[in-house]
Each structure stands twice: as structure tokens, then as C-alpha cells.
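User: I would like to learn how to read the surface, the fold and a pocket of a model such as this one. Could you take me through them in turn?
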Amino acid sequence: MSKIIKIISLIILNPIIIFGLYVIVHGHLTPGGGFQGGAIIAGATALILVVFENNIKLSRGLFSLFEFLGLTSFILMAFWGIVKNTFFYNFLTNSNGILGKTIVFGINQGYLNSGGVIPLMNLSVGIEVASGLSLIIILITRNL
Amino acid sequence: MVDNKKYNFRKFKIISLIILFIYLTFVIFLIHPFGEPKATKMDDYFIKNAQRQTGSNNVVSSIVFDYRGLDTLGEASVLFIAVMSISLILGEKKNT
């Protein structure tokens, strides 16, 4: 691609990734969540692959490691609920500790320190979706 | 053996089409009006209790990750299996 597209994409790449992380982290307060934010970050990978065609090599091992870590942390968090009560039990909510702020019913200002295990699951699913979709895009564009 | 060319199924097709058309026109009147779901018990429960029970403002997120967490686990594993199969098919190095 031409030099203009390269520089503009380098400028716009950081806001894309930061917006994806914002959507993932604020998944329990605003519309969005792990899947949507992960798809946004995978879009950044697609931009890199389109603009820097053969000049850049993205390693597949790191992406597969991150995908494995995301899915295993999600499953471990689900099974950790069995220790407390049941499968997928939200053991951190309303505990007034970490991620356990009690919120009032109705309209309130969004507290990032609430939601129990939901933000952690958002984060793990976001990592898994971002690395998985990036891996799919890398594998397909490499074999074109 | 019955010769298939002898029997023309055109009449049968037209009659079955007319029957299907009449059936579907009657089905239109059976659909409940848009925006008025019949069973609202579960929706009311989620709207009233989701914020208090899970502590997250986003009710959709609390349903996806807390009340219906098993479905999300299946969704994530479906994506994992898709990536695994694609890397099985396309993963080996290209002969150049």
C-alpha cells in the first residue's frame, strides 16, 4: 500500500485497540462485552494485514497461546463456582470486596468495581475472541 | 413401470401451492401483534432482579454471563473448535 495509507493506519491503529479494550472492560456497564470488543481488536489485526502486506510477520504461537489462556480461564472461573455454590455461580458479587460493590436498583452512575465475576469473564472471552478471529484472518491471508 | 413423462404433475403442483397459500394467509392472523410478547414473566423477573442479584448495570451482560453462562461456554467453545479446524486445514506451511 502507499505511504499515506500506512501512516494513517498507524495513527488510527491505537484508538481501535483502545476502543476494543474499553468495550471489553466496560462490558457490565455499557452495551457490548467480550465478543464485540474482541471482534473490534481482530479488526485491528485485519487492518495490519491489509496495509502491511508482506512486510510484517505476526506470530501464530502467541495468538494460539492467548486463545488457550482465555478459554481455560473462562472454564476455570465457571468451575470455581462449584466450590462456592453451583456451576457458574457469581461468587464475587455483593461481597463489598474486589469487584463486589452493591449497586442500587434503577438509574445509577456506573461503578467499574461491580458485577462480580462478569468483568473477569468478559475479559477472558474478549481475549479468546480477539486472538481466535486474528488467527483465522492470519491463516486465511497467508495461504492466499 | 410407470412412465414418468406420461403423468404431468403440473395440476398437483398448482393445487398444493393454492393449499399452502390459503394455509399461510390464515397463519398471518394467528401471529400475535408485534412488540407485545405473550409471556412476560421471565422478562419482568430479569428486569427487577438482575441489577440487585448480579451487581452489573447491563442486564444483557448479566444474562449472557451469569444466568445463561452455560450457553456462553458453548459459544466460546464453538469459536475455539472453528479456529482449531481452520488451523488444521490451513496451518501447514506452503510449499514455495
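User: How much accessible surface does chain A have, and what share of it belongs to carbon and sulfur atoms?

Analyst: An accessible surface can be read by total and by atom type; in this predicted model, chain A exposes about 7,900 Å² in total, and carbon and sulfur atoms account for 72% of that area.

User: What percentage of the residues in chain A is buried?

Analyst: A residue counts as buried when its relative accessible area is under 20%, and by that cut-off 40% of the 144 residues in chain A are buried.

User: Which pattern does chain A follow along the sequence, and what does its C-alpha trace span?

Analyst: The order of elements is read along the sequence, and here it is α-α-α-α, with 4 helices and 0 strands in chain A. The C-alpha trace spans about 55 × 30 × 20 Å along its principal axes. Of the contacts with a separation of 6 or more, 65% are made by residues 24 or more positions apart.

User: Which residues lie nearest the centre of the second largest pocket, and which elements line it?

Analyst: A pocket is read through its volume and its lining; this one holds about 290 Å³ of space, and among its 14 lining residues A:Ile41, A:Phe63, A:Phe66, A:Ala130 and A:Ser131 lie nearest the centre. Helices H1 (3–25), H2 (34–51), H3 (60–84) and H4 (118–142) of chain A each give two or more residues to the lining, and H4(A) gives the most, with 6 residues.

User: What classes of residue make up that lining?

Analyst: The lining of the second largest pocket consists of 10 nonpolar and 4 polar residues, with no charged residues.

Key:
Residues numbered from 1 in each chain as written. Chains lettered and ligands numbered in written order. Predicted model: local features only at pLDDT ≥ 70, side-chain atom pairs only at ≥ 80, totals over all residues. Heavy atoms only, no water. Buried < 20%, exposed > 50% of the residue type's maximum accessible area, 1.4 Å probe, protein only. Contact = heavy atoms within 4.5 Å. Areas by Shrake-Rupley, 256 points an atom, 1.4 Å probe, with all protein chains shown as cover. 1 Å grid on protein atoms, 1.4 Å probe; cavity = no way out; pocket = protein on both sides within 12 Å on 5 of 7 lines; lining within 4 Å. Points joined across faces, edges and corners; volume = space filled by probe spheres on them. Nonpolar A, V, L, I, M, F, W, Y, C, P; charged D, E, K, R; others polar.
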